[in-house]
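Colleague: I am new to this kind of model. Can we go through it step by step?

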Amino acid sequence: MKCDVVVIGAGPGGSMAAKTAAESGLNVVLLEKRPEIGEPIRCAEGVSIRSELRELIKVQPGWISTEVNGVRMYSPNNDNVFTTVNDGGGGGGYILERKTFDRGLALQAACAGAKVLVKTRATGLIRKDGLPCGVSAICRGEHLQIEAPLIIGADGVESKVARWAGIDTRLKPEDIMVCAEYQVLDAGIDQEYCEFFFGNRMAPGGYIWIFPQGGSLANVGIGVQGSQSGPGEPIRLLERFMQSKMPRAKILQMVAGGIPTSGPMKTSTSDGIMLVGDAAHQSDPLTGGGIINAMRAGIMAGEMAGKAVSSGEAST
């Protein structure tokens with residue numbers, strides 16, 4: 001198979017890169033290693049400012065679990081609460097339905113002309129004269145080679161594309177948040193506000209969040225700084241929080257993962273390679289949020305791909 005650009009990873013960054021590159025007239029292939037785009041969810045699913053998302057994409061109703069009008073932030077002693085309220089100017093937030101959101105973005109990439117291959121795992125770079133010229137992959141059990149002058153890695157915090165390209169993405173323990181999250185059912189959840197709880201006893205170096213999802217549902221999670229987290233610590237602390245604050249909640253789902261909080265990498269490119277999203281450590285180093293940053297980076301990578309391929313120069 002031959003194309004102009006291979007995008008590895010069909011999260012928000014990868015799909016926006018594929019969509020933008022395809023809209024510029026390029027022949028694009030988008031690879032997703034899982035059989036279903038959007039599964040499993042390793043995200044709190046929040047976008048803090050509605051207008052930011054609307055600037056990047058036309059938001060579809062099915063992508064949104066609920067809209068929130070502000071946030072409440074609790075101090076370590078729980079005596080002080082700071083509340084911010086939407087002023088009606090689009091400053092409130094969305095809680096996304098990531099399954100349908102991610103699939104919707106991939107669908108838009110496909111409608112723009114990108115070829116989407118699910119259950120297709122990239123296994124390495126193809127090189128010619130020492131430079132990347134495509135990727136090898138396994139597509140539903142079959143070996144596949146895809147020739148392309150440009151590869152966009154949107155394959156998450158443990159990016160294999162970066163490693164294959166020799167880009168150093170290693171993180172120090174203090175530069176990663178170790179996270180755990182439950183989806184819970186609890187009639188007492190305030191569906192109008194996101195809530196944040198701070199304090200080193202509660203969440204060392206991080207915070208606990210409650211993001212409402214409508215219908216008495218919420219994402220309840222914790223992020224603990226890696227240098228302050230022992231084995232199983234986030235789950236233990238989250239369980240303690242649940243017993244204290246939400247003793248009647250019923251847990252429906254659990255996920256865990258890591259979020260880079262190092263700030264942007266010194267370089268996220270190499271010859272024929274661009275990284276976007278968590279692969280390039282583009283999450284917000286303060287909050288750990290990464291959806292909007294990944295989408296913006298994907299758009300920029302797609303635009304740059306159009307210029308690079310059309311000029312015949314995809315090297316750094």
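Colleague: Is the crossing of H1 and H6 left-handed or right-handed?

Modeller: Look at which way the near helix is turned from the far one, by less than a right angle: anticlockwise is left-handed, clockwise is right-handed. Helices here are DSSP runs of H or I with at least four residues, strands are runs of E with at least two, and numbering starts at the N terminus. The crossing of H1 and H6 is right-handed.

Colleague: What kind of model is this?

Modeller: Residues are numbered from 1 along each chain as its sequence is written, and side-chain values use heavy atoms, leaving out hydrogens and water. Local features need pLDDT of at least 70 and side-chain atom pairs 80 or more, while totals for chains, interfaces and linings use all residues, as this model is predicted.

Colleague: Are H1 and H6 roughly parallel or antiparallel to each other?

Modeller: Axes are lines fitted to C-alpha atoms over the stretch in contact, and angles run from 0 to 180 degrees between N-to-C directions. H1 and H6 (291–311) pack at about 30°, with axes 7 Å apart. Under 35 degrees counts as roughly parallel, over 145 as roughly antiparallel, 65 to 115 as roughly perpendicular, and the rest as oblique. H1 and H6 are therefore roughly parallel.

Colleague: Which residues of H6 meet H1?

Modeller: Contact means heavy atoms within 4.5 Å. From H1 come Pro12, Gly13, Met16, Ala17, Thr20 and Ala21. They meet Ala294, Met295, Gly298, Ile299, Gly302, Glu303 and Ala305.

Colleague: At what angle do H1 and H3 pack?

Modeller: H1 covers residues 12–23, and H3 covers 98–111. Their axes are 8 Å apart, and their crossing is left-handed. The angle is about 20°.

Colleague: What is the bridge partner of Ala137 in E11?

Modeller: E10 (131–139) and E11 pair over six bridges. In E11, the partner of Ala137 is Leu144.

Colleague: Does Leu31 count as buried or exposed?

Modeller: Leu31 sits in strand E2 (28–31). Beyond its neighbours within four places in sequence, its contacts include Val6, Ile8, Val135 and Ala137. Buried means under 20% relative accessible area, exposed over 50%, and partly exposed in between, using a 1.4 Å probe and protein chains only. At 1% relative accessibility, Leu31 is therefore buried.

Conventions: Two strands pair if DSSP finds at least two bridges between them.
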